[in-house]
Amino acid sequence: MIKVGIVGGTGYTGVELLRLLAAHPEVQLTAITSRKEDGLPVAEMYPSLRGRVDIAFSSPDKVDLTQCDVVFFATPHGVAMAQAPELLAKGVKVIDLAADFRIKDRAVFEKTYKIDHTAPELLEQAVYGLPELNREDIKKANLIANPGCYPTTMQLGFVPLLKAGLIDAGHLIADCKSGVSGAGRKAEIGTLFSESSDNFKAYGVSGHRHTPETAAQLQRYTSDKVKLIFTPHLTPMIRGMHSTLYARLTKDVSNEELQKLFEDAYADQPFVDVMPWGSHPETRSTRGANMLRLALHRPDNGDTLIVLVVQDNLVKGASGQAVQCMNLMFGLDEGLGLQTIALMP
Ligand SMILES: NC(=O)C1=CN([C@@H]2O[C@H](COP(=O)(O)OP(=O)(O)OC[C@H]3O[C@@H](n4cnc5c(N)ncnc54)[C@H](OP(=O)(O)O)[C@@H]3O)[C@@H](O)[C@H]2O)C=CC1
Ligand SMILES: CC(=O)N[C@@H](CCC(=O)OP(=O)(O)O)C(=O)O
């Protein structure tokens, strides 16, 4: 059994990790932290876990995480970088759901997140945890930088086109919508029911921290300079993400060839579903499931290709992806514990 620790277990990605790991046949939940809820049984805070999770939260200063084989950080940016060096030195693998190790360039990280990096020596060894693009490196990794939720949709939608050299890398547009759980469980005015439930708005239009992360990753797949315009929106649903990606085709290519490109790219990827040409993927077709669905459109057969991408921000966009990485790191079947089908209706 893999002994698992979770730092930041009271938040949304933390409880989603618990839901997935409680059903995982190879995992023994060993430690879970909360700064405020020391001693509180997890199932008392989250009755959804009654009868399935029988440990209590511990204050981070009381828990010995070095007894774990792997520790997930479901914490705000800046927490994992403080603890990862010691854990790694003691042979504990680390999976960070925040951004501490996502951007290799320290200066870009510090400018984007406005915090000093306290473990820059680990940036090089950290592996970006997107299994569909980095599977072999993830298998060998000790430190995983789990991708952001929006970046997962943008990369899996744009990369096959960039790799094939079919689109203008300097003109990528991503118009993305997230459910409110994407902002986490902490209290904030913008996520109050009366602010977000009957409302729809863009945010971060002149610059969001996921733009440099995504652009740097996309750049790995083309020698042309990537220019990405990314506009996130907050949409009145709890879970779910819908990204509409626009790319300008630069080669003479048929719709059938484009569809085949995506089908071939994801043929052996259990958690990416390429839907029939012209489909309209719905966020609810992924709710609770570790699944990303996408579909292609080309209005008037012109030179603009549209890729529609949906996922559950908390599963394929965060905790499910993290468990997928854990499975790979420990030589397990990649899909272990991740077979839940989306809830309908
Ligand atoms: N929500 C989403 O859809 C996604 C989130 N992410 C990323 O995952 C991470 C967690 O997000 P989310 O679960 O939504 O956030 P939440 O705000 O819901 O939870 C954050 C958790 O971190 C703990 N925490 C906060 N500060 C510290 C600290 N200094 N030391 C130790 N623990 C701390 C809190 O617990 P307590 O106060 O009890 O100690 C809480 O359990 C973030 O970095 C986020 O950006 C990534 C992809 C998607
Ligand atoms: C709706 C909402 O607020 N979403 C968050 C993104 C959540 C996420 O994936 O982000 P990180 O792991 O990079 O923090 C935001 O835009 O800040």
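Domain bounds in this predicted model come from an automatic or database domain assignment. Domain 1 (2-125) and domain 2 (149-313) both contribute residues to the shell around ligand 2, so ligand 2 lies between them. The model is a predicted one, in which local features need pLDDT of at least 70, side-chain atom pairs count only at pLDDT 80 or more, and totals for chains, interfaces and linings use all residues. Side-chain values use heavy atoms, with hydrogens and water left out, residues are numbered from 1 along each chain as its sequence is written, and chains are lettered from A and ligands numbered from 1 in the order in which they are written.

The shell of ligand 2 has 15 residues, of which Arg102, Cys149, Tyr203, Arg209 and His210 come nearest (a residue is near a molecule if one of its heavy atoms lies within 4 Å of it). By class, six of these residues are nonpolar, seven polar and two charged; Ala, Val, Leu, Ile, Met, Phe, Trp, Tyr, Cys and Pro count as nonpolar, Asp, Glu, Lys and Arg as charged, and the others, Gly among them, as polar. Polar contacts are pairs of N or O atoms within 3.5 Å; within protein, one must be able to donate a hydrogen and the other to accept it, and residues adjacent in sequence count only if both atoms are side-chain atoms. An N or O atom in the side chain of arginine 209 is 2.4 Å from an oxygen atom of ligand 2. For histidine 208, a polar side-chain atom lies 2.7 Å from an oxygen atom of the ligand 2 molecule, and a backbone N or O atom of glycine 182 lies 3.2 Å from a nitrogen atom of ligand 2. On its own, ligand 2 has 430 Å² of accessible area, and the protein covers 85% of it (Shrake-Rupley method with a 1.4 Å probe; for residues, only the protein chains shown count as cover).

Ligand 1 is surrounded by 26 residues, the closest being Thr10, Ser34, Arg35, Thr75 and Arg185. Its shell divides into nine nonpolar, 13 polar and four charged residues, and draws at least three residues from each of domain 1 (2-125) and domain 2 (149-313). Oxygen atoms of ligand 1 lie 2.7 Å from a polar backbone atom of threonine 75, 2.9 Å from a backbone N or O atom of glycine 11 and 2.9 Å from a polar side-chain atom of asparagine 313. Taken alone, ligand 1 exposes 890 Å², of which the protein buries 86%. The elements that give two or more residues to the shell of ligand 1 are α1 (12-22) and α10 (315-329); helices (H or I, at least four residues) and strands (E, at least two) are DSSP runs, numbered from the N terminus.

Several local backbone features were also computed. Aspartate 105 caps the N-terminal end of helix α4 (residues 106-113), with a side-chain oxygen 3.0 Å from the backbone nitrogen of alanine 107. Lysine 114, which follows α4, has a positive phi near 55°. Aspartate 300 is not a glycine, yet its phi is positive, at about 55°; aspartate 300 is placed in the loop between β12 (292-297) and β13 (304-311). In the segment after α10 lies proline 345, and the peptide bond from methionine 344 to proline 345 is cis, with omega near 0°.
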